[in-house]
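The following questions and answers examine one protein chain. Please consult the sequence and the structure shown here while reading them.

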Amino acid sequence: MDRVRIDVGRSARCPDTLAYSWEVTVDGTPLAGSILEVHEIPAVLACGDCGADPPISVPVFRCPCGSTSTSVVSGQELLVTSLELCPV
């Protein structure tokens, strides 16, 4: 069975939505019937005020210190990490 593995950042995309739509997306293509394995990358901020790098679980880009001077340092990825394709 063909298999596609991807890393998906939690802040940028919804991994559940990708997994749900995979079958519809590949229907009628050579990847029809393949398995999509999603590895979720947690979203992590960098705080410009206190220097902390807290993970976030909701789309609120505020540091626990209260600062909004933050930037996302991980969790925006969308990367195909491997393909396993069976010969026809």
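Q: Is S67 buried or exposed?
A: Buried means under 20% relative accessible area, exposed over 50%, and partly exposed in between (1.4 Å probe, protein chains only). The model is predicted: local features need pLDDT of at least 70, side-chain atom pairs count only at pLDDT 80 or more, and totals for chains, interfaces and linings use all residues. Residues are numbered from 1 along each chain as its sequence is written, and side-chain values use heavy atoms, with hydrogens and water left out. Because its relative accessible area is 7%, S67 is buried.

Q: Which backbone nitrogen does the side chain of S67 reach?
A: S67 is located in the loop between β4 (55-56) and β5 (70-74), where strands (E, at least two residues) and helices (H or I, at least four) are DSSP runs numbered from the N terminus. Leaving aside residues up to four places away in sequence, S67 touches C47, D49, F61 and R62, a contact being heavy atoms within 4.5 Å. A polar contact is a pair of N or O atoms within 3.5 Å; within protein, one must be able to donate a hydrogen and the other to accept it, and residues adjacent in sequence count only if both atoms are side-chain atoms. At 2.9 Å, the side chain of S67 reaches the backbone nitrogen of S69.

Q: How many disulfides does a search of the whole structure find?
A: A disulfide is a pair of cysteine sulfur atoms within 2.5 Å. For C50, which is in no disulfide, the nearest cysteine sulfur is that of C63, 3.7 Å away. C63 is likewise in no disulfide, the nearest cysteine sulfur being that of C65 at 3.6 Å. The number of disulfides found in the whole structure is 0.

Q: What is the relative accessible area of C63?
A: C50 has 43% relative accessibility and therefore counts as partly exposed. C63, by contrast, is buried. The relative accessible area of C63 is 4%.

Q: Which side chain of opposite charge is nearest to D2?
A: D2 lies in the segment before β1 (3-9). Lys and Arg count as positive and Asp and Glu as negative, while His and the chain ends are not counted. D2 is buried yet has no salt bridge, a salt bridge being a side-chain nitrogen of Lys or Arg within 4 Å of a carboxyl oxygen of Asp or Glu. At 8.9 Å, the nearest side chain of opposite charge is that of R3.

Q: Which backbone nitrogen does the side chain of D2 reach?
A: Apart from residues up to four places away in sequence, D2 touches P30, L31, S34, I35, E84, L85 and C86. Its side chain reaches one backbone nitrogen at 2.7 Å, that of C86.

Q: How many residues apart are R3 and E37, whose side chains meet in a salt bridge?
A: Side chains of opposite charge can pair when their charged atoms come close. In the pair R3 and E37, the N to O distance is 2.5 Å. R3 belongs to strand β1 and E37 to strand β2 (residues 35-41), so the pair links distant parts of the chain, with a separation of 34 residues.

Q: Which residues are linked in a network of salt bridges?
A: E37, which is partly exposed at 28% relative accessibility, also meets R5 in a salt bridge (2.9 Å, N to O). R5, partly exposed with a relative accessible area of 24%, forms a salt bridge with E84, the closest N and O atoms being 2.7 Å apart. Because E84 lies in strand β6 (residues 78-84) and R5 in strand β1, this pair ties together parts that are 79 residues apart in sequence. The network links R3, R5, E37 and E84.

Q: What is the radius of gyration of the protein chain?
A: The chain has 1 helix and 6 strands, in the order β-α-β-β-β-β-β along the sequence. Its C-alpha atoms fill a box of roughly 55 × 20 × 15 Å along the principal axes. The radius of gyration is taken over C-alpha atoms, and the globule rule is 2.2 Å times the number of residues to the power 0.38. A compact globule of 88 residues would have a value near 12 Å, whereas the protein chain has 17 Å.
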